[in-house]
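Visitor: I am new here. Please show me the structure, and then let me ask about it.

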Amino acid sequence: MSATVAVVGRGFGAAVHAPGWELAGANVVAVAGRDDWRDAIEGADIVSVATPPAAHAEVANAARGKRILCEKPLAATTAEAEAMVAAATAPTAVNFSYRALPHFQMFREIRDADEVRVRWTTPSRLRPGPPSWRDDPTQGGALAAYGIHALDYLVWMLGPARVESAQVEGNDDAFTAVLRHDRGRSTVT
């Protein structure tokens, strides 16, 4: 008998999480939105959270005791993320899917440089259509949607780091961070 999964998020959750779980052999029993997810998670073994970051904590807290896969970033604030981690009673993971991309895998294998520079560009502000949570820093914003991938990538590739400097510009759509790893330095813009 395969695990049952409730996906919370009708955008990315429906388009990516649900098919991914089905490919992995799970039984997706519900795909719910931010307004109707409570009943949907009730009988599921796993809750897959793919809402905007500001809604992650509420869903994860309600799913306490179940296994949870949560989209990145874990929460909208550090305090929320720390509370979610402290309250977890079953296996919980944060989805950093870029780690599986072949280019990321290849670069990790050739990472012997003393200094690494990553320039991460995304057309999030240029895409047509209505604004989304990626356009609103109070709901997560571009830094939470895309910048977190660059930071995760560097820590995954080079190991734990401390921040030497960081600067966010504009409406969070541009940032620079310099990290110090045991292996050297990295800069991401």
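Visitor: How many aromatic pairs does a search of the whole structure find?
Guide: This is a predicted model, where local features need pLDDT of at least 70, side-chain atom pairs count only at pLDDT 80 or more, and totals for chains, interfaces and linings use all residues. Residues are numbered from 1 along each chain as its sequence is written, and side-chain values use heavy atoms, with hydrogens and water left out. Rings of Phe, Tyr and Trp (its six-membered ring) pair if their centres lie within 6.5 Å. Searching the whole structure gives one aromatic pair.

Visitor: Which residues form the aromatic pair, and is it stacked, edge-to-face or tilted?
Guide: Planes under 30 degrees apart count as stacked, over 60 as edge-to-face and the rest as tilted. Y153 and W156 sit 6.4 Å apart, centre to centre, with 35° between the planes. So by that rule the pair of Y153 and W156 is tilted.

Visitor: Where do Y153 and W156 both lie?
Guide: Helices here are DSSP runs (H or I, at least four residues), and strands are runs of E, at least two, numbered from the N terminus. Y153 and W156 are three residues apart, about one turn of the helix. Both belong to helix 6 (residues 141-158).

Visitor: Is W156 buried or exposed?
Guide: Buried means under 20% relative accessible area, exposed over 50%, partly exposed in between (1.4 Å probe, protein chains only). W156 has a relative accessible area of 14%. W156 is therefore buried.

Visitor: What is the strand order of the open sheet?
Guide: Two strands pair if DSSP finds at least two bridges between them. The open sheet has five strands with parallel pairing, in the order 2-1-3-4-5.

Visitor: Which strands stand at the edges?
Guide: An edge strand here has a single partner strand, so one side is left without a neighbour in the sheet. The two are strand 2 (27-32) and strand 5 (92-95).

Visitor: Which residue is the bridge partner of V49 in strand 4?
Guide: Strand 3 (residues 46-49) pairs with strand 4 (residues 67-71) in the parallel sense, over four bridges. In strand 4, V49 has as its bridge partner C70.

Visitor: Which residues touch the most other members of the largest nonpolar core?
Guide: A nonpolar core is a set of buried Ala, Val, Leu, Ile, Met, Phe, Trp, Tyr and Cys residues joined through side-chain atoms within 4.5 Å. The largest one has 20 residues. Its largest share, three residues, comes from helix 3. The members touching the most others are I41 and V47.
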